[in-house]
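Hi everyone, thanks for making time this morning. I'd like to walk you through an interface between two chains, so let me put it on the screen.

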Amino acid sequence: MSAVADRYKELQNLDVEVISISVDSVYVHKMWNDNELSKMVDGDIPFPMGSDQDGTIGKKYGIYDGDSGVETRGRFIIDPDGIVQGFEVLTPSVGRNVNETVRQIKAFQLVRESEGTEVTPSGWNPGKKTLKPNPDLVGNVWKQWSISEARDE
Amino acid sequence: MYKEFKAGCQRPTITKDEGIKEIEKDGDRNIKEEKINMIKVGQPAPDFTIPAFHNGKFVELNLSEFKGKWVLLCFYPGDFTFV
């Protein structure tokens, strides 16, 4: 969670609010913030750390692991209308990549601003080519977009 | 957006609603099975109310109050879990 906190200002500039959730109590959240996370980031964790102690919310989102009694690493991007635009779920041992989360948010925002007239091809990053689907583009993507765009950073 | 609550021995009541369906499987032994479905992209995010630690305070928040903003919702296995 410290990696998300580290990018919080950037996320705020993108009009994103962060909510983290685990089955720990709010008291344990405070201890984790005060004794560990605050030593990794500049100040305290800036977003609310939610406590879903019996997994009620995790079950709604399909990421509660009842066998272990914990929530798996589920990350959901929700748009201003409250619609889930994307999610990623990982087992506990592998951490997420905040760069990819930020990239996806920027892509969803671009699509939303264009009211769906522009789409972002594989590997898109800000500044890279988008596509404007229309009947003439069918079968002609190869003329406008190269696979190398997906490969490059 | 954030409703503060006092620290005490009693924990905030857990808000449960229609989101989780408990199916009675066996009447006499009263075994309950919870049906868990993955949510779908392009569909509304399930609403929830949750107690949270935020800026040194204990607060309660509701997802629906965040409408009009983008929300990044991050579940993780537990505090102090290394990664």
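Before I get to any residue, one term: strands here are DSSP runs of E, at least two residues long, numbered from the N terminus, and two strands pair if DSSP finds at least two bridges between them. Please also keep in mind that this is a predicted model.

With that in hand, look at where the chains join as a sheet. β1(A) pairs with strand β6 of chain B, residues 70-75, in the parallel sense over 6 bridges. To pick one of these, S20(A) has C74(B) as its bridge partner in β6(B).

Now zoom out. How many residues does each chain bring to the contact? Chain A brings 72 residues and chain B brings 52 residues. Between them they bury about 5,800 Å², with 66% of that on carbon and sulfur atoms.

What about the polar side? There are 23 residue pairs in polar contact between chain A and chain B, both residues being at pLDDT 80 or more. On the chain A side that touches chain B, the elements giving two or more residues include β1 (16-22), α3 (26-40), β6 (84-90) and α5 (98-113) of chain A. The most comes from α3(A), with 10 residues. By class, that side of chain A has 35 nonpolar, 20 polar and 17 charged residues.

Last, the charges. The rule finds 2 salt bridges across the interface of chain A and chain B. One of them links D15(A) and K69(B), whose closest N and O atoms are 3.4 Å apart.

Key: Residues numbered from 1 in each chain as written. Chains lettered and ligands numbered in written order. Predicted model: local features only at pLDDT ≥ 70, side-chain atom pairs only at ≥ 80, totals over all residues. Heavy atoms only, no water. Contact = heavy atoms within 4.5 Å. Buried area = accessible area lost by both parts, 1.4 Å probe. Salt bridge = Lys/Arg side-chain N within 4 Å of Asp/Glu carboxyl O. Polar contact = N/O pair within 3.5 Å; in protein donor to acceptor, adjacent residues only side chain to side chain. Helix = DSSP H or I, 4+ residues; strand = E, 2+ residues; numbered from the N terminus. Nonpolar A, V, L, I, M, F, W, Y, C, P; charged D, E, K, R; others polar.
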